[in-house]
Amino acid sequence: MTERIRFFLPGPSYVTERVRNAMTAPVIGHRSAPFKQLYRSLQAPLQRVVRTEGDVLLACASATLVMESAVVSTVRRAVLHCTCGAFAERWLEISKIHGFEADELSAPWGEAIDPELLRQTLRRKVYDAVTITHNETSTGVLNPLAELAAVVREESEALILVDCVSGLGGAPFENDAWGVDIALAGTQKALAVPPGLVAFTFSERARAQAARKRRRGFYTDLLRYVSYHEKDGTITTPPIPLLFALQNQLEAIEAEGIENRWQRHRELRTRTERWAAEGGFSYASSANHGSPTVSCLRPPAGISAPDLVAGLAERDFTVGGGYGRWKPDTFRIGHMGEVRIEDLDALFEEIHAVTESMTVVHTA
Ligand SMILES: Cc1ncc(COP(=O)(O)O)c(C=O)c1O
């Protein structure tokens, strides 16, 4: 790819010109034969990204809708939320709003969920579902999902609901091998499609549990998505240009190969770690669980994170600010989607230029 990227938000991520152009195709009817063909064409490449032999369904929304739908469709009484940052806490909040017995297994911000603590928690109470955030975007922590999912399977009958919003397409993920029941991801992160679509899986046992639940809402009823999926359609009028974008971007992902893509993201993380160590930046999260898609960093002493973000914006480079309670002290580099090492290197040069100018102002 020849485009140079100056946009490093931890989502939405940079969208290539090719994908942007795909969205200019004329709109087609969403129950028409060409649409059904378009919808069908997405299935196999999405299955290869999510690593499933089952269906990959599409919701026309942002990811939070499917977080809500997953619990509304399947939880009858109790749900355990594994939390280690703001997005996992959002899922907990959703369950509380719906009046479920919503318990929390929390790790401190910057740490990952401990599989042994999860095991002990599951031995104390029966849950309809356990939610896990694979890649916590607020802190840049990648949870050990394979291990956590194995613990849930060993200890309980609970469904495994996974938010892989900022991991999918960048961090290794194995829907079927890890026994995930619902995995959901907005397409605007490591998949590098504009926001507005959510891809999700929905296992047979999750469907059976949903079928036993009487009130699942309308937009939040995941079984409704299945019946439209069977007819190659979405439950409501979809953002058709986004489906063209997804089709086009999946071609690019297929051309790269999902495992090569995971490897590229690992290299982006390693490059960022090396640069951070050399420049006096420190990771805000535990080194053991570093995310391949998001680095959450504290600047060197004397440099304000919000000022650094603003200084970069003046130079037309975009990084993410800190999130929630970490807003004042951290900033986040999204090295996801189509970002290459050369793009990161250019960003690092700009960061040095900005921090140098800030140091000069401080000492003047
Ligand atoms: C891990 C994670 N989960 C959920 C969300 C919510 O996604 P959306 O804004 O698409 O609803 C985000 C958004 O940044 C996220 O990073």
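Me: Is the crossing of α3 and α4 left-handed or right-handed?

Reply: This is a predicted model, in which local features need pLDDT of at least 70 and side-chain atom pairs count only at pLDDT 80 or more, while totals for chains, interfaces and linings use all residues. Residues are numbered from 1 along each chain as its sequence is written. A crossing counts as left-handed if the near helix is turned anticlockwise from the far one by less than a right angle, and as right-handed if clockwise. For α3 and α4 the crossing is right-handed.

Me: Why are α3 and α4 described as oblique to each other?

Reply: Helices (H or I, at least four residues) and strands (E, at least two) are DSSP runs, numbered from the N terminus. Axes are lines fitted to C-alpha atoms, for helices over the stretch in contact, and angles run from 0 to 180 degrees between N-to-C directions. Angles under 35 degrees count as roughly parallel, over 145 as roughly antiparallel, 65 to 115 as roughly perpendicular and the rest as oblique. Helix α3 (residues 63–74) and helix α4 (residues 86–97) have axes 10 Å apart and pack at about 50°, and α3 and α4 are therefore oblique.

Me: Which residues of α4 meet α3?

Reply: Two residues are in contact if their C-beta atoms, placed from the backbone, lie within 7 Å. From α3, the contact involves T64, M67, E68 and V71. Their partners in α4 are R90, W91, I94 and S95.

Me: At what angle do α7 and α8 cross?

Reply: The contact is made by R207, A210 and A211 of α7 with L222, L223 and V226 of α8. The axes of α7 (residues 204–211) and α8 (residues 222–229) come within 9 Å. These two helices are oblique to each other, with a crossing angle of roughly 120°.

Me: How many charged residues are in the shell around the ligand?

Reply: A residue is near a molecule if its C-beta atom, placed from the backbone, lies within 6 Å of it. The residues surrounding the ligand include G11, S62, T133 and D163. Ala, Val, Leu, Ile, Met, Phe, Trp, Tyr, Cys and Pro count as nonpolar, Asp, Glu, Lys and Arg as charged, and the others, Gly among them, as polar. The shell has three nonpolar residues, seven polar and, as charged, one.

Me: How far apart are the centres of domain 1 and domain 2?

Reply: By an automatic or database domain assignment, the protein is divided into domain 1 (7–11 + 257–363) and domain 2 (18–254). In the contact, 24 residues of domain 1 touch 26 residues of domain 2. Taken over C-alpha atoms, the separation of the centres is 27 Å.
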